[in-house]
Amino acid sequence: MLMRSAAQSLTEQLAERFAARIRDRLLAPGSRLPSVRQCATQHQLSPSTVVAAYDQLLAQGLIEARPQRGFFVRDWTPKSALPSADGSPSAIEAGVSRRPAGLEGLAAPIKATALIRGMFHPTGSKPQPGMGVFPPDWLATNFMTAAVRKVTSSAALQESSLKYGEPLGDSDLRRVLSARLMGLGLPAAPGQIITTVGATHALDIVSRTLLKAGDCVMVEEPGWAVEFARLDALGMRILPVPRGPAGPDIEVMARYCEVHAPKLFVSVSVLHNPTGHSLTPGSAHRVLQLAGQFGFHVVEDDTYSHIAPEHATRMSVLDGLQRTIYVSGFAKILAPNWRIGFLAAPPDLVERLLDTKLLATLTTPSLLEKALAHCIEQGQLRRHAERIRTRLDAARSRSVKLALQAGCTFAAEPAGLFGWVETGVDTDQLAQRMLDEGYLLAPGALFHAARAPTTLMRINFATTQDAAFWAVLTKQIAAMSR
């Protein structure tokens, strides 16, 4: 809140507030600042105070004024374009990004730091609806500490600590993971499994192994914000595939294959982020048919497997790890800071993927991997996941009720950890308003390759059970609607 009795003038306070958000990437390059009138009304200031603050930001080179349009955060990102997916030779030769119906947003690059800092920047002690993880108190357990004590009290501890671990990952963990995947219907031998520093690291290993800069990658849209950012940072060309309740838009994928020859398709089959949709068997079969026909690989990110319904459809299971690569981890359900993930791959890709891992991290922490193997083998992880699912079901029910009472609706049937919520107002602007109130939102633009303005936002059901949050949100939506 701006303080009239503060040592700084109101102009300086307002300018510094925007400057801090720009530096922390909470306002991404290219973002539009509120109009002078909007900002004055929101902060109960005179328009002249807002103009003076914007002048300070202009002088610092943090924003730019665009005639008849307003003030925007300066964007230093070089623009690049993708050929059109409509297949027209002139568009392909010129590299011009047309945006045919259903295939919008091919050209805008995503800045990784703008997303990551924005999503994980701490804002206070209040529950944060925009965060992508369970609250720490949900994850607190005693068995993890006991597992670490057990593996560190081993007589072999000193010997194992004085040398690097196994290149593929701890053999005990890979054996346990192999058995767990078999329970999902996915036959993956321990030798087909590579442990990683979290699931994101597994996705990065696959990208760096199978792709080179300039290659085209199909990614579901809306989709995981960090995945768009990560691929863009690697120089890949992102082809957004609309994701519906049954799965990705097969017609769009087929057109991409014919025009751009993509090398990879990245999918969250089960409890998709941010919609909560899960793939149907029919859609999975059609994706695999395209993969076989056009020769691309499918990376299946099963990050939410621990809270997924039984017998959920997974492409890796249907395909038997032929053109698919399965990725998962334990950060969401157990220990975010242990950073343990893994991938399961076709036998002919394992050595190439392992080489990429070795070049990046050499090996992974075997002590934590041994502790995790113990937690899985003793059934502790399974029981913990069951408790989380039960608690999440109750939280989801409460959050949905509060959202509907606040006048919001759901663009997708609520499922899993996330809700895809229709607010009726621009959620980029709403997010900035809510940040002033101490709440971090995840505006829908974060989940689109082009960051196009949208009235949707993603909420975390575990952190939106507070009626006070919904009251503040309702107030801000009403103010923006006037």
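## First stop: a pair of rings

Select F342, which counts as buried at 2% relative accessibility (buried means under 20% relative accessible area, exposed over 50% and partly exposed in between, with a 1.4 Å probe and protein chains only). Before going on, please note that this is a predicted model, in which local features need pLDDT of at least 70 and side-chain atom pairs count only at pLDDT 80 or more, while totals for chains, interfaces and linings use all residues. Residues are numbered from 1 along each chain as its sequence is written, and side-chain values use heavy atoms, with hydrogens and water left out.

A search of the whole structure finds 10 aromatic pairs (rings of Phe, Tyr and Trp, the last by its six-membered ring, pair if their centres lie within 6.5 Å; planes under 30 degrees apart count as stacked, over 60 as edge-to-face and the rest as tilted). Y326 and F342 form one of them, a tilted pair with 6.1 Å from centre to centre and 40 degrees between the planes. Y326 belongs to strand 8 (residues 324-329) and F342 to strand 9 (residues 341-344), so this pair ties together parts that are 16 residues apart in sequence. Helices (H or I, at least four residues) and strands (E, at least two) are DSSP runs, numbered from the N terminus.

Strands 8 and 9 pair in the antiparallel sense over four bridges (two strands pair if DSSP finds at least two bridges between them). Y326 stands opposite A344 in strand 9.

Which residues cover the two faces of strand 9? G341 and L343 lie on one side, F342 and A344 on the other, and all are buried. In a regular strand the side chains alternate between the two faces of the sheet.

Zoom out to the open sheet of seven strands, with the order 3-9-8-7-6-4-5 and mixed pairing. At its edges are strand 3 (193-196) and strand 5 (237-242), each pairing on one side only. From one strand to the next, the twist averages 20 degrees. Strand 3 runs antiparallel to strand 9, joined to it by four bridges, and I193 has A344 in strand 9 as its bridge partner.

## A covered helix

Select residues 225-233, which make up helix 11. After the helix comes G235, whose phi is positive, near 85 degrees.

Next, find the open sheet of four strands, ordered 10-11-13-12 with antiparallel pairing. Strand 10 and strand 12 (442-443) stand at the edges with a single partner strand each, so one side of each has no neighbour in the sheet. Strand 10 pairs with strand 11 (residues 418-422) in the antiparallel sense over two bridges, and T409 stands opposite E422 in strand 11.

Now show the side chains of F410 and F461. F410 is buried at 18% relative accessibility, and F461 is buried at 0%. The two ring centres are 6.3 Å apart and the planes are at 35 degrees, so this pair is tilted. F410 is in strand 10 (residues 409-410) and F461 in the loop between strand 13 (456-460) and helix 19 (467-481), 51 residues apart.

Select R458 as well: R458 lies over the face of F418, at 3.9 Å from the ring centre (a charge sits over a ring if NZ of Lys or CZ of Arg is within 6 Å of the ring centre and within 35 degrees of the ring normal).

## Last stop: towards the start of the numbering

Select R66 and F72: the charged end of R66 sits over the ring of F72, 4.0 Å from its centre. Then pick F18, Y54 and F71, which ring pairs link into a cluster.

Finish with helix 2 (residues 36-43) and helix 3 (residues 47-59), which pack at an angle of about 115 degrees with their axes 8 Å apart. Axes are lines fitted to C-alpha atoms, for helices over the stretch in contact, and angles run from 0 to 180 degrees between N-to-C directions. Helix 2 and helix 3 are therefore roughly perpendicular (under 35 degrees counts as roughly parallel, over 145 as roughly antiparallel, 65 to 115 as roughly perpendicular and the rest as oblique).
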